Amino acid sequence: SFTLTGIPGLEDAQFWIAFPFCTMYFMAVLGNITLLLVIRLDPSLHLPMYYFLSMLAAIDLVLTTSTIPKLLSIFWFQSHEINFEGCVAQMFFIHSFSTAESGVLLTMAFDRYLAICKPLRYSAILTGPTIAKLGLAAAVRGIAIVTPPTCMVTSLSYCGPRVIRHSYCEHMSVVKLACGDTRPNSIYGITAATIVVGSDSILIAVSYMLILREVIGLSSREARLKSFGTCGSHIGVIVLFYTPGLFSFYTQRWGQNIPMHVHILMADLYLLVPPMLNPLIYGMRTRPIRDRVLSLL
C-alpha cells in the first residue's frame, strides 16, 4: 500500500481546509446531478448542446467522486493509506476522464461554432448518431491515452518508503517512488499531456475566434453583448480547466522552486473548481435550463 500525505507543509491546517473543499464538492455533485436530471426530464432540452452538457456533467461527477471523498478522509480522519490497486484505479480515472473532458470541451466549442456561424446546417451536421460518435470518441481517446502509462506504472518495482507527497495518486507522484528507469513514464506523460492540451486548446481558441468574428458582424448591439458574455464565460471555464492542470503537470517535473503546498493546492482545486463552476456557467446561464430549474424549485 501507499501513504498519501495530503498537502505537505499544511498538515496542521488540513482539518480546516477540508471544510471549503467539502462545500465545493457538495456544490459540484448537486449542480451536476441537477443538470443531468433537468436535461433528462425535459424533452425540449433533448438537443445537441444539452447532450454535450450532460456528458460534461457525468465526467465531472466521476472526476470529483474518484478523488475528493478520499481526500476529505485524509484531512478529517487521518486515513492516509491507500492500497496499490486503489491507487492505480484512482490515477486511471483522474487522467482518463480529464482527457475525456478536454475532448468534450472541444466538441462543445465546435457545437457553438456551428450554431452561430453555420445555423442553417446545424441540425444536418449534429444528428443523434454524430453526437454519440463524438462523445464515444472523447471517451475512447481518454482511455487509449491513459492505458499505456497505467500499465507501465503497474510493471514498475517500488522500494523504500511508499509515501506519495500528494493528496491523490497523480501519475508522476507515483512514478517518483519507483526503482529503476522511469524515463519512459516521464517522456510519455509529458508528450501526451502537451499534445492533448495543445491541440485541443488551439482548436477551441480557433473556434471561439471564428465565433467572435461572426458576432462582431451582428447588427444588434444587444445580440453582440449577449454573445460576448456567453463566449467570455465559456472561455473562462476553459482557462480554469487547463491552467491548473498544466501547472500541476509541469511542476511535478520542473517546479522544484515552487513550494510544495502551492503545487498540491492547485492540483486539488483543478479537480474541484471546474466541476463546481460548469453547471453554473454552462447550465444556469442557459435560459431554458435556468427556467426549468426555477420552475422545479
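Begin by selecting Arg183 and Asp181, whose side chains meet in a salt bridge with an N to O distance of 3.1 Å. Bear in mind throughout that this is a predicted model. If you colour the pair by accessibility, Arg183 comes out as exposed, at 58% relative accessibility, whereas Asp181, at 44%, counts as partly exposed.

This pair belongs to a set of 4 salt bridges in the structure, and two others deserve a stop. Select Asp200 and Arg141 next, where the side chains meet in a salt bridge of 2.7 Å, N to O. This pair links distant parts of the chain, with Asp200 in helix H8 and Arg141 in helix H6, 59 residues apart.

Which residues lie nearest the centre of the largest cavity? Select His95, Ser98, Thr99, Ala193 and Phe249, which hold that place within a lining of 26 residues. The elements that give two or more residues to this lining are H4, helix H6 (128-155), helix H8 (183-216) and helix H9 (221-254). Sorted by class, the lining has 16 nonpolar, 9 polar and 1 charged residues. The volume of the cavity is about 490 Å³, and the count of cavities of 30 Å³ or more comes to 1.

Stay with helix H4, which spans residues 84-117, and select Phe84 within it. Leaving aside residues up to four places away in sequence, Phe84 touches Ser1, Phe2, Val153, Thr154 and Tyr158. Phe84 is partly exposed, with a relative accessible area of 22%. For a distance to draw in the viewer, take the C-alpha atoms of Phe84 and Cys169, which are separated by 9.8 Å although the two residues are 85 apart along the chain.

From there, select Gln78, which sits in the loop between helix H3 (68-77) and strand E2 (81-82). Most residues other than glycine have a negative phi. Gln78 is also exposed, with a relative accessible area of 52%.

An unreviewed UniProt entry lists "transmembrane region" for residues 15-38, 50-68, 88-110, 122-146, 187-211, 231-250 and 262-282. Two of these ranges can be examined as separate selections. Over residues 50-68 the chain is 89% helix and 0% strand, with 26 Å between the end C-alpha atoms. Over residues 122-146 the chain is 92% helix and 0% strand, and there the end C-alpha atoms are 33 Å apart.

Conventions: Residues numbered from 1 in each chain as written. Predicted model: local features only at pLDDT ≥ 70, side-chain atom pairs only at ≥ 80, totals over all residues. Heavy atoms only, no water. Helix = DSSP H or I, 4+ residues; strand = E, 2+ residues; numbered from the N terminus. Buried < 20%, exposed > 50% of the residue type's maximum accessible area, 1.4 Å probe, protein only. Contact = heavy atoms within 4.5 Å. UniProt positions renumbered as here; feature names shortened; annotations may be inferred. 1 Å grid on protein atoms, 1.4 Å probe; cavity = no way out; pocket = protein on both sides within 12 Å on 5 of 7 lines; lining within 4 Å. Points joined across faces, edges and corners; volume = space filled by probe spheres on them. Nonpolar A, V, L, I, M, F, W, Y, C, P; charged D, E, K, R; others polar.
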